[in-house]
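User: Please take a close look at the surroundings of the ligand and explain them step by step.

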Amino acid sequence: MDYLLIEGNRPLHGDVEISGSKNAALPMLMASILSEKITHFTNLPRLSDVDFALKILVELGGNVRMTKEQSSISAYVEFTDQANCIAPYELVRKMRASISVLGPLLARYGHVKVSLPGGCAIGARPVDLHIMVMEKLGAKILIEDGYIIAEAKKITAGDIVFPFVSVGATQAAMMTAAVADGISTIRNVSMEPETIELGNMLNKMGAKIKGLGTETLTIHGLNSKTLPGSSTPIQILPDRIEAGTYAIAAAATRGKINIKNAIPEHIEILLYDLKESGAIIEKTSDGFIVDATRMDKIKPVDIVTAPYPGFPTDLQAQWMAYMSVANGTSTVTEKIFENRFIHIGELFRLGARIKHSGNVATVFGMPKLTGAPVMATDLRASASLIIGALVAEGTTEIHRVYHIDRGYERIDEKLKNLGAHVTRLREG
Ligand code: EPZ
């Protein structure tokens, strides 16, 4: 197993190119199941989760051809009228996002058996809203032996109101209602850029989805089993969470990074909080620059995570690492996942001082952190440990970096290009 060795306490400087978005790519790859045509994807990030998603599509009977370029993957995905509509536990437990095959398989083939994903480091993460969506759109659902078994001769339109915003359940409703018989109205939906991008892709494939980026979607179903498909390539948008992670790393190390191929509007609230903390943000033609070289002290700034356009929960851990060297006390409130403070224990090991009760963590800023061996527990927790290590005096070892490879493309290489002293080593 790989681990990273980071010698910290040096500012990051230079350019970094942001890769395609993991959280846009995964549901969009699954949506290609609905297409009559071959779907051509470009700018897919080179991540283990994307490789895994392509593997799942092959397991389900898809024809997948891909070409790997230096920093992205292009893939051609084709589904026909024959498929294997079972997503087994062995696959789903490794990547819970595979639950998003439920809607497309049910819509196209009328029956599907998908393993329940089970628990996750950051929370229970039930899929009851996904099941509610399928039932509202006419499916018969059985839960048996840890599997969701869904049947629907025909998808019928329905009105859905989500009790709270769910990215995944909104995306499931969009993919399924797109081929329904009739008009569906979906309220209190996700407005995340990744959800909008999936909607744009479905519309490019012939769907009729209105209201993307608002709280209510109106979907005129095509009353069919498939969507005509897109005759032009589907390009994956830049990863706003990757961009946000490098932005926080620039501020925390008092460096200056030109973040290229990024859309600053997708992380407006983060850029606002970075400015509040004392960093200078300058938008450019293909991204933005974070300049913290003239920052005397890091001002503490409180955050509360929320659905888009609120502060992304996927940047909460990274922000906490930053606030652990702020000049004063701040609070971090996690409102999306009930167990997303695991990184606190590991930040302690770097000398951070953080107290938490319930979903509120109080961060007492320290003048410095010190390197130590730490353990990654999930994708974003590992990103926060990397930021802590880049700030810390001395050497930090970060173990279980397979977590980070799921969501950050070639992170050690990109950090090296920014002047960081990072080495990837193999244990044993
Ligand atoms: C997506 O997960 C992202 N994953 C997550 O990113 C991200 O943290 C999350 O949205 C919130 O922004 C992908 O896009 C692949 P939700 P998702 O449904 O769709 C509860 C990362 O680090 N809920 O919006 O699973 C749920 O437990 C990952 O890249 C139910 O109770 O998130 C959570 O508390 C981590 N029942 C809340 O809703 C349901 O049926 C929001 O979850 C569905 C969700």
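Analyst: A polar contact is a pair of N or O atoms within 3.5 Å. The model examined here is predicted. In this model, a polar side-chain atom of Arg380 lies 2.8 Å from an oxygen atom of the ligand, a distance that falls within 3.5 Å and therefore counts as a polar contact. For Asp314, a polar side-chain atom is found 2.6 Å from an oxygen atom of the ligand. Ile336 takes part through its backbone instead: an N or O atom there lies 2.6 Å from an oxygen atom of the ligand.

On its own, the ligand has 830 Å² of accessible area, of which the protein covers 85%. Helix 1, helix 5 (128–136), helix 6 and helix 12 (379–391) are the elements that give two or more residues to the shell around the ligand. Helix 5 gives the most, with three residues.

In total, 21 residues surround the ligand, and the closest are Asp128, Ser166, Val167, Asp314 and Ile336.

Among the buried residues are Ala169, Thr170, Gln171 and Met174. Ser166, one of the residues closest to the ligand, also stands at the start of helix 6, where a side-chain oxygen of Ser166 comes to within 3.0 Å of the backbone nitrogen of Ala169.

Note on methods: Residues are numbered from 1 along each chain as its sequence is written. This is a predicted model: local features need pLDDT of at least 70, side-chain atom pairs count only at pLDDT 80 or more; totals for chains, interfaces and linings use all residues. Side-chain values use heavy atoms; hydrogens and water are left out. Buried means under 20% relative accessible area, exposed over 50%, partly exposed in between (1.4 Å probe, protein chains only). Helices (H or I, at least four residues) and strands (E, at least two) are DSSP runs, numbered from the N terminus. A polar contact is a pair of N or O atoms within 3.5 Å; within protein, one must be able to donate a hydrogen and the other to accept it, and residues adjacent in sequence count only if both atoms are side-chain atoms. A residue is near a molecule or strand if one of its heavy atoms lies within 4 Å of it. Accessible areas come from the Shrake-Rupley method with a 1.4 Å probe; for residues, only the protein chains shown count as cover.
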